[in-house]
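Please look over the structure below before reading the points.

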Amino acid sequence: MFFKGKQTSLGIDIGTSSIKLVELQKEGEFIHLKNYAEYKPEDDLKDLITFRSSMTPFSETELTSILKNIISASGIESRRANFSIPVFSSFLTLIEMPQMSDEDIARAIEFQANKYIPVPLSEVFLNWVVIRENNNSIQQNSKDKVEVLLVAAPKDIIERYSRLASDVGFELGLLEVENFSLVRSLCSSKNLNLIIDIGARTSSVTIVDNGFIRLSSFLEFSGFHFTKAITERLKVDEARAERLKMENGLLKKPQNQVREAILPLFDKLSFFVESAISIYLGKNPDKEFEKIILTGGSSRIPGILEYFSERFKIPVEKGNPFFKISYPQILKDKIQEIAPNFSIACGLALGDFEV
Ligand SMILES: Nc1ncnc2c1ncn2[C@@H]1O[C@H](COP(=O)(O)OP(=O)(O)OP(=O)(O)O)[C@@H](O)[C@H]1O
Ligand SMILES: [Mg+2]
């Protein structure tokens, strides 16, 4: 066996409500948690209407200084970092092509991509994953077809991350759309899974089969909007609504007005998930979902497992992004509590250890 010694990696997830960092160390076969950090600005609850036009509520200069501060305060040692691009800033679509060599697929994609990507090709970086029949059994179509997952990310966003990495003094490692990080940290089986990431501003749905992403979409509401619905219904301020959300959430108890306030949003999310499931099963009628995996800070809301389990016939569980990672036993409770927020950062950091 080739012994590589200790290898470290760093994943940085710049979410719309907080920045999460995970630093890992690989020694032989083992992956240890070396460090983690989360930076949450106090303005989480403000209505940041501009968030969609920029990658975060922070300006580039703010981000640079926040990251430098986190690095020095937390003692993170890596000088190379992996970053994720939000699902809402990217475009993923599955297309079908005639069976041909990878070189011909590349040429055909360059030629045809404008049919599938709704923005000028000169403005995006294009990448793709060929879903080959010989390394998976999921292809339902005839042997003369091959499925290709097209991934497009705006050039200006990629350039922003490159600038950020160099301003902070990092070498830019992986830069990937966040559902790839989620699959890496949360999917332990090769079966058909659906991941729901419920964050602060957006909720994303990813269907993954045999390790390949097959469908990705998002909704523009999440934790922030749950809190907002509570402020309106209960006539309380945002700080109190946020507390009430975390205490009562979706719990089925008498007079839980918090549940009543947020139920329409959860029903909308469920409806969205149901449509994704029926689209997928419509195309793959003999398939069966193994499970639905919940993640993101808002998946910590009390009563969520019961809510989704009643809604879907598919088993629902909370994802554990640390399942491949060892950490001191003393951190167990803390890690379990914060795990949902760190799924993307863990997946990014794990990206360096993939064979
Ligand atoms: N215990 C809890 N119960 C309910 N909601 C919670 C809990 N803990 C955190 N949240 C919510 O989780 C959200 C933050 O989650 P997360 O860190 O995944 O978001 P983000 O990655 O910054 O946002 P996005 O992915 O939308 O850009 C906040 O809206 C917060 O209110
Ligand atoms: Mg997020």
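Helix H8 (residues 304-311) lies across strand S9 (193-198), strand S12 (291-295) and S13, and runs at about 160° to S13. This is a predicted model, in which local features need pLDDT of at least 70, side-chain atom pairs count only at pLDDT 80 or more, and totals for chains, interfaces and linings use all residues. Residues are numbered from 1 along each chain as its sequence is written, chains are lettered from A and ligands numbered from 1 in the order in which they are written, and side-chain values use heavy atoms, with hydrogens and water left out.

Terms
- Helices (H or I, at least four residues) and strands (E, at least two) are DSSP runs, numbered from the N terminus.
- Axes are lines fitted to C-alpha atoms, for helices over the stretch in contact, and angles run from 0 to 180 degrees between N-to-C directions.

The sheet
- Five strands form an open sheet of mixed pairing, in the order S11-S10-S9-S12-S13; two strands pair if DSSP finds at least two bridges between them.
- Strand S11 (212-219) and strand S13 (316-318) are at the edges with a single partner strand each, so one side of each has no neighbour in the sheet.
- Strand S10 (residues 203-209) pairs with S11 in the antiparallel sense over seven bridges, and Ser-203 stands opposite Leu-219 in S11.

The helix pair
- Helix H4 (residues 178-186) packs against helix H10 (residues 343-350) at an angle of about 85°, with the axes 7 Å apart.
- That makes H4 roughly perpendicular to H10 (65 to 115 degrees; under 35 is roughly parallel, over 145 roughly antiparallel and the rest oblique).
- Residues of H4 in contact (heavy atoms within 4.5 Å) with H10 include Leu-182 and Arg-184.
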